Amino acid sequence: SCFDSMTLMFQREVAERIIARPGDPAYGRLSVLTQWLADAEILFDVPASAFVPPPKVTSSIVQIIPLAHARYPCSHHALEFITRTAFGQRRKMLRSSLKKINGEELLAEAGIEPESRPQDIDIEEFCKLANLYEMASKTVF
């Protein structure tokens with residue numbers, strides 16, 4: 001990696017999405033893609049009163065430390081595609097949101113319940129789906 005760590009400030013809601021875990025309301029594509037490649041944590045909040053003029057939001061300082069290797073082997077583009085497809089309709093069950101890409105078959109092969117929703121699937125399972133999709137579609141991402 002070109003850097004040892006990044007310490008950045010985000011709006012609190014974005015920071016929560018970066019560090020969210022499966023099952024958290026804030027868990028989504030940003031959580032999966034960030035945590036696949038790095039460890040991230042909120043160090044502290046910065047109140048609106050620290051700025052002039054004060055914004056209407058709280059900010060958070062987030063530290064992101066890249067991993068030496070991705071958490072699970074997977075094509076970056078395939079993982080982006082699968083997470084975009086799954087989280088594009090986050091309230092739907094995966095069998096519905098992945099229907100256009102033969103989702104039932106991919107989910108069965110990955111051992112994931114078709115009634116699962118994207119916010120309940122962990123990073124390893126998303127990587128499994130991405131790898132299976134890439135193999136099944138013969139698309140090299």
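At what angle do the axes of α3 and helix α6 cross, and within what distance do they come? I took this up as my opening entry. The model is predicted. The axes come within 8 Å and cross at roughly 110°. I therefore put α3 and α6 down as roughly perpendicular to each other, since angles of 65 to 115 degrees count as such.

**Entry: the contact of α3 with α6**

I listed the residues on both sides. From α3 (residues 76-87), I noted A78, L79, F81, I82, T83, A86 and F87. They meet F126, C127, L129, A130, Y133 and E134 in α6, a helix that covers residues 123-137. I then sorted the residues of this contact by kind. They divide into 11 nonpolar, 1 polar and 1 charged.

**Entry: T85**

I stayed in α3 and picked T85, which has its place in this helix. Which backbone oxygen does the side chain of T85 reach? It is the one of F81, at 2.8 Å. F81 also belongs to the α3 residues that meet α6. I next left aside the neighbours of T85 within four places in sequence. T85 is then in contact with S97 and L98. S97 falls in α4 (94-97).

**Entry: the whole chain**

I stepped back to count. The chain has 6 helices and 3 strands. Along the sequence I read the pattern β-α-α-β-β-α-α-α-α. The C-alpha atoms fill a box of roughly 55 × 35 × 20 Å along the principal axes. The chain has 141 residues, and 38% of them count as buried. I also looked at contacts between residues at least 6 apart in sequence. Of these, 64% join residues at least 24 apart.

**Entry: the sheet**

In what order do the 3 strands of the sheet stand? I found β1-β3-β2, in an open sheet with antiparallel pairing. β1 (6-11) and β2 (38-46) stand at the edges. Each has a single partner strand, so one side of each is left without a neighbour in the sheet. Neighbouring strands are turned by 30° against each other on average, direction ignored.

I followed one pairing in detail. β1 and β3 (residues 59-66) pair over 6 bridges, in the antiparallel sense. For L8, the bridge partner in β3 is V62. Helix α2 (residues 29-37) packs on this sheet, where α2 touches β2 and β3. The direction of α2 makes about 115° with that of β2.

**Entry: α2 from the inside**

Which residues of α2 are buried? I wrote down S31, V32, L33, T34, Q35 and W36.

**Entry: two backbone details**

Most residues other than glycine have a negative phi, and most peptide bonds are trans. I looked for departures from both.

Which residues does a cis peptide bond join? They are V52 and P53, with omega at about -10°. P53 has its place in the loop between β2 and β3.

For phi, I noted N102. Its value is near 65°, positive in a residue other than glycine. N102 lies in the loop between α4 and α5 (103-110). Is N102 buried or partly exposed? N102 is partly exposed, because its relative accessible area of 46% falls between the 20% and 50% cut-offs.

Methods:
Residues numbered from 1 in each chain as written. Predicted model: local features only at pLDDT ≥ 70, side-chain atom pairs only at ≥ 80, totals over all residues. Heavy atoms only, no water. Pairing = 2+ DSSP bridges. Helix = DSSP H or I, 4+ residues; strand = E, 2+ residues; numbered from the N terminus. Axes fitted to C-alpha atoms, helices over the stretch in contact; angles between N-to-C directions. Contact = heavy atoms within 4.5 Å. Polar contact = N/O pair within 3.5 Å; in protein donor to acceptor, adjacent residues only side chain to side chain. Parallel < 35°, antiparallel > 145°, perpendicular 65-115°, else oblique. Nonpolar A, V, L, I, M, F, W, Y, C, P; charged D, E, K, R; others polar. Buried < 20%, exposed > 50% of the residue type's maximum accessible area, 1.4 Å probe, protein only.
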